[in-house]
Amino acid sequence: MEASNMKKRVIIYIRVSTARQAEEGFSIPQQKERLEKYCAAMEWEVASTYIDDGYTGGDMERPGLQSLINAVKTGGGDIVLVDKLDRLSRSQYDTLYLIQKIFEPAGITFVSRAENLDTSTPMGKCSLGLMAVFAELERSRIKERMKDGKEGRAKSGQWHGGGTVPIGYRYNSGTLEIDEYEALQVQEVYRLFCARTPITAIVRTMNDAGYRTKYGPWTEGTVRHMVTRKTYIGKIESKGTVYEGKHPRIIDDITFARAQTIAAERESANRARQQRIYTSPL
């Protein structure tokens, strides 16, 4: 078969971010179906498909995208196809970098189905920059809405629902619930800390006893953070403000207050020790 009659090989890229997983039309199966139908209509051959499930478009640290880049560099296709430009990236810089520095040098055309964008055409190249600007603008708007949503949840006493769930709890349907196994560990750490046990000894004791949290073995950083966190007395902290939480407490007020006193004493002693080191004569 002559090269002119060969079908174009397409590398499909699909991304769903955590902020948009539930939105109509953006699910992975829906994107995949639309793109495969588009390829069939264009008489293109799907060479490979790469998926990033639950990754933000704000950077390029995505396993699916990195695999796509490797496929492009090794001649894995002729076209990179996405359902919408912001599926590739929400950063104007990253979008232009991928297309101009990765795809084009490899002889790869970039196509976005929804915008009818094709970088093999002069109009497609002209439209690319403007579309990338709007994708980045929408990313900024999403971040702002998420920030406002977290603040609103905190004011109403609810966990913000993102980031790292505190040890001792599990996140279920918008609320923090007690994880009995981890809660017992939290209480033991507070007991040891309030008995003035050194943090290194607390870590050793917990790990030697075989205790593990959802994040793995105990570390000094975990203990230091835990013994000052107001979450454990039923509070929610946001931007320096403390709100009454709706989740159950794990530690009582007296134990928590004692832990704060000890933590403050140790911090003061550490500062004094550092001061002596820096001011001592040579």
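Residue I79 belongs to strand β3, which spans residues 79–82; strands here are DSSP runs of E with at least two residues, helices are runs of H or I with at least four, and both are numbered from the N terminus. The model is a predicted one, in which local features need pLDDT of at least 70 and side-chain atom pairs count only at pLDDT 80 or more, while totals for chains, interfaces and linings use all residues. Residues are numbered from 1 along each chain as its sequence is written, and side-chain values use heavy atoms, with hydrogens and water left out.

Is I79 buried or exposed? With a relative accessible area of 5%, I79 is buried, a label given under 20% relative accessible area, whereas exposed means over 50% and partly exposed covers the values in between (1.4 Å probe, protein chains only). Leaving out residues up to four places away in sequence, I79 touches K8, R9, V10, I11, W44, I108, T109 and V111, where a contact means heavy atoms within 4.5 Å. Between the C-alpha atoms of I79 and V46 there are 9.5 Å in space, and the two residues are 33 apart in sequence.

Beyond its neighbours within four places in sequence, Q31 is in contact with I14, R15, V16, F26, D83 and R87. I12 lies 19 residues from Q31 along the chain, and their C-alpha atoms are separated by 9.9 Å.

The chain holds 9 helices and 9 strands, and 40% of its 282 residues are buried. Of the contacts between residues at least 6 apart in sequence, 65% join residues at least 24 apart. The chain exposes about 15800 Å², of which carbon and sulfur atoms supply 52%; these areas come from the Shrake-Rupley method with a 1.4 Å probe, and for residues only the protein chains shown count as cover.

Rings of Phe, Tyr and Trp (its six-membered ring) pair if their centres lie within 6.5 Å; planes under 30 degrees apart count as stacked, over 60 as edge-to-face and the rest as tilted. By this rule there are 6 aromatic pairs. The ring centres of Y169 and Y232 are 6.1 Å apart and the planes lie at 25°, so this pair is stacked. Y169 is in strand β6 (residues 169–172) and Y232 is in the loop between α8 (220–226) and β8 (235–238), so the pair ties together parts that are 63 residues apart in sequence. Y169 is buried at a relative accessible area of 0%, and Y232 also counts as buried, at 2% relative accessibility. Y232 forms an aromatic pair with Y190 too, an edge-to-face one with 6.3 Å from centre to centre and 65° between the planes. That pair links distant parts of the chain, for Y190 is in helix α6 (residues 180–194), 42 residues from Y232. Ring pairs join Y169, Y190, Y232 and F256 into a cluster.

The loop between α8 and β8 also contains I233, which counts as buried at 8% relative accessibility. Not counting residues up to four places away in sequence, I233 touches R249, I251, D252, D253 and F256.

How do two helices meet? Helix α2 (residues 63–73) and helix α4 (residues 92–103) have axes that come within 11 Å and cross at roughly 25°. These axes are lines fitted to C-alpha atoms, for helices over the stretch in contact, and the angles run from 0 to 180 degrees between N-to-C directions. The crossing makes α2 roughly parallel to α4, a description used for angles under 35 degrees, with over 145 being roughly antiparallel, 65 to 115 roughly perpendicular and the rest oblique. On the α2 side the contact is made by L65, L68, I69, V72 and K73, and on the α4 side by L98, I102 and F103.

E43, in the loop between α1 (28–42) and β2 (45–53), has a phi near 60°, a positive value in a residue other than glycine. E43 counts as exposed, at 58% relative accessibility.
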